[in-house]
Amino acid sequence: MDTLLHGVSDLTIESDPSPNCESVPVEQEEEDISRDLLELPIEICERRPTCQRCCRPVKVCLCPFLPAHPLEVSTGLYIVQHPAEESRVLRTVPLLAACLPPGKCKVFVGRRFNKERNAELAAVCHSSKTLLLYPGAEARNLEDMSEELSGEEHNVIIIDGTWSQAKDMFLRNSLFHIPKQVLLKPLQALCSFQLQHGAQVHHSKEHLLKSGLYDKPLPKNKRKIKRIQKLITNQNI
């Protein structure tokens, strides 16, 4: 038995590849696959025709409902737009710009603005003739400012974004804290209109925390706990 095993251990087994099978390196195989993929026909997706004036798809163009000629206004509008709004297909800023003369509606896209990078916008914010459309404790109704606004050309800054985006932009840009704030009654009318057409009331986290209605588990992270404490005490929010 030992002799038999010893003889078996001395044997070497060699594979005799078939003459029709060639060994292809892995790198060469990957190159062949890449080349085949590159040679596949590319399907070009044509974008829907877009109106050059209102920037909406031609099928839903709103130009017939816009003024035929730009409105003559003395107020200059400055839109500070969150980058996410710029890519929306049905955005409304182009509609506003289409209704006004050239130069009366300027758009600044970004999240952060300062005097060094945005000198023109900074100068507008520092002007006593500038108003900011943004709700808040300091916001006033326009009709209560008729005497202050009469006889002068004013500028209006509008923050374009979702409520959370607009709030973040307002809080993180000290330039927007300089102008007088207005917007109360139009905002209340907008909310009332939405509620009448099926919108649901959504309370802020600040309200839920203060009223004891926040039903989610509180975080364990110290930074998040500190932010929740600020929400409850309304500090820097």
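**View 1. Cys55 in the loop between helix 2 and strand 1.** In this predicted model, Cys55 belongs to the loop that lies between helix 2 (26-38) and strand 1. The backbone of Cys55 has a positive phi of about 65°, although this residue is not a glycine. Cys55 has a relative accessibility of 27% and therefore counts as partly exposed, given that residues under 20% are called buried and those over 50% exposed.

View 2. Strand 1 (residues 76-81) pairs with strand 4 (residues 155-160) in the parallel sense, and the pairing extends over 6 bridges. Within this pairing, Ile79 stands opposite Ile158 of strand 4, while Leu77 has Val156 as its bridge partner in strand 4. Strand 1 also runs parallel to strand 2, to which it is joined by 5 bridges, and here the bridge partner of Ile79 is Val107. Gly76, Tyr78 and Val80 point one way from strand 1, whereas Leu77, Ile79 and Gln81 point the other way, and all are buried. Because 6 of the 6 residues of strand 1 are buried, this strand is largely enclosed by the rest of the structure.

View 3. In helix 5 (residues 119-126), the residues Leu121, Ala122, Val124 and Cys125 are buried. These four cover an arc of only 160° around the axis, which means that they are on the same side of helix 5. The buried residues of helix 5 pack against strand 1, strand 2, strand 3 and strand 4, whereas Ala119 and His126, on the other side of the helix, are exposed.

**View 4. Stacked rings of Tyr78 and Phe108.** The structure holds 3 aromatic pairs, and one of them is formed by Tyr78 and Phe108, whose ring centres are 6.3 Å apart and whose planes stand at 20°, so the pair is stacked. Since Tyr78 lies in strand 1 and Phe108 in strand 2, the pair ties together parts that are 30 residues apart in sequence. Tyr78 counts as buried at 12% relative accessibility, and Phe108 is buried as well, with a relative accessible area of 16%.

**View 5. Stacked rings of Tyr134 and Phe170.** The ring centres of Tyr134 and Phe170 are 4.3 Å apart and their planes make an angle of 15°, so this pair, too, is stacked. Tyr134 is found in the loop between strand 3 and helix 6 (146-149), and Phe170 in helix 7, so the pair ties together parts that are 36 residues apart in sequence. Both Tyr134 and Phe170 are buried.

Terms used:
Residues numbered from 1 in each chain as written. Predicted model: local features only at pLDDT ≥ 70, side-chain atom pairs only at ≥ 80, totals over all residues. Heavy atoms only, no water. Pairing = 2+ DSSP bridges. Helix = DSSP H or I, 4+ residues; strand = E, 2+ residues; numbered from the N terminus. Buried < 20%, exposed > 50% of the residue type's maximum accessible area, 1.4 Å probe, protein only. Arc of directions from axis to C-beta. Contact = heavy atoms within 4.5 Å. Phe/Tyr/Trp six-rings, centres within 6.5 Å; stacked < 30°, edge-to-face > 60°.
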